[in-house]
Amino acid sequence: MEKHEKTNKMGIVDKWLKKHSVAYSGATRHPFIHSIRHGTVDLSSFKRWLGQDYVFVRASVPFVASVLLKAWKESDDSSDVEVILGGVAAFNDELAWFKKEASKWDVSLSDVVPLNANLRYCSFLESLMSSDIEYTVAITAFWACETVYQDSFAHCLEDNSNTPEELRETCERWGNDGFGQYCLSLREIANRLLDKAPADVVSKAEVVFLRVLEYEVEFWNMSHAETSGLTL
Ligand SMILES: Cc1ncc(CO)c(N)n1
């Protein structure tokens, strides 16, 4: 009975997704994602996103490693470490994929200059690496970051979408079911920890969740940055 109640119970993160559904849709249904889904995407925007995201993914490796370290030190459930380790392990393949994809599109990754929105997001993640940041807060940020990509790209793969063939592989990278399952595992961890966390930590995690959504919107916005918009 208790178990049954537990599976039916709405987690804190699920409540936030409802409460902040406008902000969440802003991050997961951005015009850039719509343009991929409608097949109207401007390829220079796609290339700009690709180069910027390569820089971001590289910069997020130490952040994810810090979440792994927090899980190892603080978690009451050893399966957390395995879930996060899965995320760490995926980076190798992901970075190799970026290199392959960049050469397909003639994007020179060594010449990518990170734009300000990217730098700001990376330093936000760096601030969450501090040992003062609770594991609960850090895993919430990590869950949100991965979930925005999962939800956005899965949207481009839905039956009624018109995603160009040459962009499907990109969408599948984050929109595939395995990545979806991984995001659900992160969500369960976040819900379990938030359930036990003191109120101030829950509030901090909610703020961090909302900030991730804002940074994600700014990140997508970079895709349509013109040269004159380098300050974005
Ligand atoms: C900006 C951004 N957010 C989330 C992800 C998912 O890892 C990514 N690759 N890039």
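1. Followed along the sequence, the protein chain runs as α-α-α-α-α-α-α-α-α-α-α, a secondary structure that comes to 11 helices and zero strands. The radius of gyration of the protein chain is 18 Å, close to the 17 Å given by the globule rule for 232 residues, so the chain is as compact as a globular protein of that length. The model is a predicted one, and the remarks that follow should be read with that in mind.

2. On overall extent, the C-alpha trace of the protein chain spans about 55 × 40 × 30 Å along its principal axes. Of the 232 residues in the protein chain, 35% are buried. Among contacts in the protein chain with a separation of 6 or more, 81% are accounted for by residues 24 or more positions apart.

3. Turning to the ligand, its surroundings consist of D53, F56, V57, C145, E146, V148, Y149, E216 and F219. The elements that contribute two or more residues to this shell are α5, α8 (135–155) and α11, and the largest share, four residues, comes from α8. By residue class, the shell around the ligand divides into six nonpolar, no polar and three charged residues.

4. Which residues of helix α4 (residues 31–38) are buried? They are F32, I33, I36 and R37, and because they cover an arc of only 135° around the axis, they lie on the same side of α4. As background, an α-helix has 3.6 residues a turn, so residues three or four places apart point the same way. The buried residues of α4 pack against α5, α8, α9 (165–175) and α11, and just after α4, G39 takes a positive phi of about 75°.

5. Helix α7 (residues 116–127) has 12 residues and reaches 16 Å from its first C-alpha to its last, which is close to the 16 Å expected at 1.5 Å a residue. Within α7, the buried residues are A117, N118, Y121 and L125; these cover an arc of only 105° around the axis, and are therefore placed on the same side of α7. Against which elements do the buried residues of α7 pack? Their partners are α5 (43–74) and α11 (199–222).

Key. Residues are numbered from 1 along each chain as its sequence is written. This is a predicted model: local features need pLDDT of at least 70, side-chain atom pairs count only at pLDDT 80 or more; totals for chains, interfaces and linings use all residues. The expected span of a helix is 1.5 Å times one less than its number of residues. A residue is buried if 20 or more other C-beta atoms lie within 10 Å of its own, exposed if 12 or fewer, and partly exposed in between; C-beta atoms are placed from the backbone. The arc is that of the directions from the helix axis to the C-beta atoms. Two residues are in contact if their C-beta atoms, placed from the backbone, lie within 7 Å. A residue is near a molecule or strand if its C-beta atom, placed from the backbone, lies within 6 Å of it. Ala, Val, Leu, Ile, Met, Phe, Trp, Tyr, Cys and Pro count as nonpolar, Asp, Glu, Lys and Arg as charged, and the others, Gly among them, as polar. The radius of gyration is taken over C-alpha atoms; the globule rule is 2.2 Å times the number of residues to the power 0.38.
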